[in-house]
Amino acid sequence: EESLPPVVERYEQMAVQSPHKGTAFDKVYQHFFEGDGLEKLDERWKAKSEAGDAVAPVYLCLRGLLAERQGRMDAARGFYQKATQGNPKDFRYWSALGDLEAGEGKLTDAIAAFEKALALDVPPLERPVVLRQLARSQQRNLDADAALKTWQRMAAEFPDDPFVLEEVADALLEAEHFTEAKATYEKLRSLAGADPFRRVAATMRLAQVEERQGKYAEATKIYESALPQASESSWIHRELRTRIEEIYRRQDDIPGLVSYYERWLESHGKDVEAAVRLGNALVELNRKKDSVAWLQKAAGWAPDRRDVQVELAKRLDETEQSEAALPILTRLTQADPEEVSTWELLGEIQWHLHEKTKDAAHKAAALESWQKIAPAQTKDFLRVVRLTELLRSHGLKDETLVQYQRAVSLAPDANDVRE
């Protein structure tokens with residue numbers, strides 16, 4: 001027998017200990033594929049599979065994996081079947097056979113193989129994998145009742161494993177077994193204990209069950225119940241808000257969304273996020289003045305929220321109230337002079353005023369604001385390019401040329417700038 005490099009030999013030993021698709025098998029396969037050829041690997045394993053000892057079925061299984069990788073499915077099936085005959089009490093061979101049959105669309109044979117595997121001593125880490133394969137094969141075979149029983153069996157065997165319960169619940173929801181999915185998600189939520197994130201995540205899944213059934217009012221209430229459990233600045237809090245909005249948007253019911261937020265704010269007071277979202281929804285109904293009013297309230301409730309102040313300034317500009325936006329943005333530039341996006345927006349609104357009034361003072365103010373993006377002393381090439389493109393987009397040819405020349409001086413080899 002030809003000796004292998006120590007590392008490859010170690011991987012082969014690992015593959016023998018655990019004969020399934022994975023890193024160990026892949027490394028051995030790669031060594032022979034890039035070296036002596038896969039025929040040599042098959043010959044090596046063939047000799048060991050014909051030795052007649054207790055390890056022979058393992059090598060039959062490995063030959064099956066090799067044949068399957070090469071697309072020789074009939075040969076792979078034969079090797080797996082011989083492995084099950086050599087050691088019918090090893091679940092791994094039945095599982096490998098089931099995987100092959102499922103992949104080939106022979107679902108009845110796959111189900112039989114998985115059931116034989118599960119009747120044997122399957123380790124706890126491997127058992128969910130085989131149960132999952134069985135349930136999915138039953139679903140593909142259009143045996144919904146059998147698949148349901150298998151998913152429920154999986155949940156019953158691993159009642160304290162949140163990952164198993166989540167997978168089972170997701171599968172039940174996908175198969176529209178709503179009652180069973182809801183019960184499993186509730187179990188998952190109770191299992192989360194004091195962990196707020198896991199509790200909120202499970203609550204969101206419960207709301208999805210109601211959504212899938214068209215019970216939108218119930219879903220909304222469930223989402224709302226999770227809001228106090230998430231920090232207002234967290235992504236999951238925003239996700240909850242978005243899910244609620246999507247219920248109305250999927251029905252093209254923007255008036256209903258507006259009414260929802262108005263009721264919410266009436267009962268919950270100074271909810272900044274809800275006020276901003278209400279303002280955005282009102283714009284879609286062309287109620288721009290009402291939108292501005294709610295954004296002004298939100299900005300007053302959260303004077304330190306830059307995003308809210310910027311949103312208000314943009315909305316004022318959109319509603320022909322550009323002058324009112326200027327002091328808001330001026331305060332923001334004073335608070336954070338290095339935030340170039342604020343200078344850019346301030347200049348944009350000043351430019352809008354220039355276009356509307358033809359007042360040269362507004363044009364000068366816009367140019368002064370934009371100049372803050374790349375002050376004369378800066379050596380930041382990207383800032384200069386940003387200013388250059390901004391000036392070019394506003395048709396300011398002379399000012400653009402000056403900035404192009406400046407950019408070239410900072411990066412002489414930048415071909416795109418020269419062009």
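**Entry 1: two loops**

I began at Asn286, which sits in the loop between α16 (272-284) and α17 (288-301). Helices here are DSSP runs (H or I, at least four residues), as strands are (E, at least two), and both are numbered from the N terminus. Before going on, I noted that this is a predicted model: local features need pLDDT of at least 70, side-chain atom pairs count only at pLDDT 80 or more, and totals for chains, interfaces and linings use all residues. I also noted that residues are numbered from 1 along each chain as its sequence is written, and that side-chain values use heavy atoms, with hydrogens and water left out.

I looked up the phi of Asn286. It is near 65°, a positive value in a residue other than glycine. Most residues other than glycine have a negative phi. Asn286 is exposed, at a relative accessible area of 59%. I wrote down the cut-offs: buried means under 20% relative accessible area, exposed over 50%, and partly exposed in between (1.4 Å probe, protein chains only).

Then I went to Leu142. This residue is in the loop between α8 (127-140) and α9 (144-157). Its phi is positive too, about 65°, and Leu142 is not a glycine. Leu142 is exposed, with a relative accessible area of 78%.

**Entry 2: the whole protein**

How many helices and strands are there? I found 24 helices and 0 strands.

Next I checked the radius of gyration, taken over C-alpha atoms. The protein has 33 Å, while a compact globule of 419 residues would have a value near 22 Å. The globule rule is 2.2 Å times the number of residues to the power 0.38. The C-alpha atoms fill a box of roughly 95 × 60 × 35 Å along the principal axes.

I looked up burial: 45% of the 419 residues count as buried. The accessible surface is about 22,100 Å², and 50% of that belongs to carbon and sulfur atoms. These areas come from the Shrake-Rupley method with a 1.4 Å probe; for residues, only the protein chains shown count as cover.

Contacts came next (heavy atoms within 4.5 Å). Of the contacts with a separation of 6 or more, 46% are between residues 24 or more positions apart.

**Entry 3: a buried alanine**

I picked Ala181 in helix α11 (residues 178-191). Is Ala181 buried or exposed? It is buried, with a relative accessible area of 0%. Setting aside neighbours within four places in sequence, Ala181 is in contact with Ala169, Leu172, Leu173 and Val209. I also checked Glu166, 15 residues from Ala181 along the chain: their C-alpha atoms are separated by 9.5 Å.

**Entry 4: charges and salt bridges**

I counted charges as Lys and Arg positive, Asp and Glu negative, with His and the chain ends not counted. There are 59 positive and 73 negative charges, and their mean positions are 1 Å apart. The place of a charge is NZ of Lys, CZ of Arg, CG of Asp or CD of Glu.

Side chains of opposite charge can pair when their charged atoms come close. A salt bridge is a side-chain nitrogen of Lys or Arg within 4 Å of a carboxyl oxygen of Asp or Glu. By this rule I get 32 salt bridges.

I opened Asp74 and Arg77. Their closest N and O atoms are 3.0 Å apart. The two are 3 residues apart in helix α5 (residues 73-86), so about one helical turn separates them. Asp74 is exposed at 62%, whereas Arg77 is buried at 10%.

Arg383 lies in helix α22 (residues 381-393) and Glu338 in the loop between α19 (322-335) and α20 (340-357), so the pair ties together parts that are 45 residues apart in sequence. Arg383 is partly exposed at 22%, and Glu338 is exposed at 57%.

Asp307 and Arg305 also meet in a salt bridge, at 2.9 Å from N to O. Asp307 is partly exposed at 43%, and Arg305 is partly exposed at 30%. Both belong to a network of salt bridges that also links Glu245, Arg249, Glu273, Arg277 and Glu284.

**Entry 5: an arginine without a partner**

I ended at Arg406 in helix α23 (residues 397-410). Arg406 is buried yet has no salt bridge. Which side chain of opposite charge is nearest to Arg406? It is Asp380, 9.2 Å away. Not counting residues up to four places away in sequence, Arg406 touches Gln371, Ala374, Pro375, Ala376, Thr378, Val384 and Leu387.
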